[in-house]
Amino acid sequence: MENYSETTLRDYLRIIFRHIVVVLTAIITVTATVIVGLIFKTPVYQSQVKMLVSAEKQVEATYYRELLLDRNTPITITQSEIMKSNPVMERVVKAIGLYQRPLDYEKNFCSLIKKPYVILSAKAFNAKLKHLPEDQRRAFLYRIAVEDLKQHVDVEPIRDTNLFILSARDFSPVGAAIIANVVSRSYVIFDLEQQMAEQQLKYGEKHQSVIQLKDNIERMIKNLDGKPLPDVEAIGPASVKIIEQATVPLRPVGLPKSTTLLLAFVMSVFLGVMLAFTCEYLDQTFKSAVEVERYLNLPFLGFIPRRLKKHKSSIVNTKREAMLARAYNNLSEQIYLIMRDRNFKSLLLTSALRLEGVSTIAHNMGMYLSNSAGHKVLIIDANLRNTTSVGVKAKTLKGPGLTDVIEGKVTFEKAVHALNAKFHVLSAGETELNPITFFDSVAMQDLIKHVKEKYEIVLIDCSDLISFKDAAVLSAYVDGTVLVVNENKTRRQVVKAAIVPLEQKKANILGVILNNRTFPIPEKIYQRI
């Protein structure tokens, strides 16, 4: 028998294609979300200024002398926090008029789809401010501008140095460079003001050092327009120095949209595949021959493909019917070879649950073995619990059945129905008694012995194992038992529990038929792997 224990590429692809809806949903959801995010994300530019905490000042003082003697990273971090303080930020907001920016400033840079949203948000915010007096409204907008600037300015110390990087972000590349330069110069002015305040307290306002510091501060204030300065003038006399001025950035921060979209697609595929394998792991039903042999430790006898709804194309329908016929032919031949090699004549077909297709399989196998293979076949409908069994499907089968034969009301020859010369059916019949009393009787044993002498193959269709004990009782009288399992329906634990009575009766279980099998891998791909 073919070995199904080895996992191949087909097994992995089968999982993916079986859960292709989950995979595609993940891909479409993630990719669409990222696309929407990119559409609604306004490009932001970032410009940087490199600064140095030198601890060297224009006029000597105790504070700066201590700073000079103790240069370390914590001092740099302290200075970086000072840079984002209100005095520095407020000077920047006033210098370049950030508080006068319209609330819908972003609309000049965002996508056309996001633009209406920005405008509506700005209008809604303005509507909330209408009830405020004009002076309070201006103060509120000014405060918002200061806090917003703090959110768009970052200071990052460079490890093991006295340097740090000032970064400023804005929707406009030119605006980002201007803000970065103005913030750095405002910080230098703040440092000079600290020196001047100390000198005023010590020497008074007329002292030469105080006057010199005032001149430097006034000169730096004139340069709070963000325009580039000569390097010497930009460095300045403060204890913090501008090493590199901000330049206009060439591209927005972050990955390019195309790269982001590509990464999102790759990650969505990965997510989809992971979800597919997760669903496969959580699904405890049988889905392949490998699982049948692995979990039940029983041979896999064959499969019957799922019968699909009729297609508009007659060619497609013909192809499907041919595939179904071929499956029944292969299954019947496989079972017949096993029965011939072991000198078996009687076979019990059952399932773990109801409506697993046992009757249909038994009937079609009988048709093939009699019509195509030329064997004399009898099907006994022993499914007294279910009215949709073999005997009822053949509408011409009326009159006495199995129960009548067991009760001795009629002979077997009068109860059996000949569908053709070599294909006979014994219907179930009707009774108000417990079917167990029929099956667990000498009359039933004698009947099975009798029909085995008259027919080459006897197929017995019985009720499910979970609900009733009929199959367990009958399994002791037949040569072999075949279990029918529905793909993607019957749970493994249910089947394992169902066959326990058969094992206790030491039934000869020949193997498992996988019914309603699907083939998720497209044929063209399947043939090439």
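In which sense do β5 and strand β12 pair, and over how many bridges? They pair in the parallel sense, over four bridges.

This is a predicted model, in which local features need pLDDT of at least 70, side-chain atom pairs count only at pLDDT 80 or more, and totals for chains, interfaces and linings use all residues. Residues are numbered from 1 along each chain as its sequence is written, and side-chain values use heavy atoms, leaving out hydrogens and water.

**View 1. Here is the open sheet of eight strands.** Its order is β5-β12-β11-β6-β10-β7-β9-β8, with mixed pairing. Strands (DSSP runs of E, at least two residues, numbered from the N terminus) pair if DSSP finds at least two bridges between them. At the edges sit β5 (300-305) and β8 (417-420), each pairing on one side only. Look for Phe 300, which stands opposite Val 512 in β12.

View 2. Rings of Phe, Tyr and Trp (its six-membered ring) pair if their centres lie within 6.5 Å; planes under 30 degrees apart count as stacked, over 60 as edge-to-face and the rest as tilted. Phe 303 lies in strand β5 and Phe 519 in the loop between β12 and α23 (523-526), so the pair ties together parts 216 residues apart in sequence.

View 3. Tyr 105, Phe 109 and Phe 171 make one aromatic cluster. The charged end of Arg 101 sits over the Tyr 105 ring, 3.9 Å from its centre. That wording needs NZ of Lys or CZ of Arg within 6 Å of the ring centre and within 35 degrees of the ring normal.
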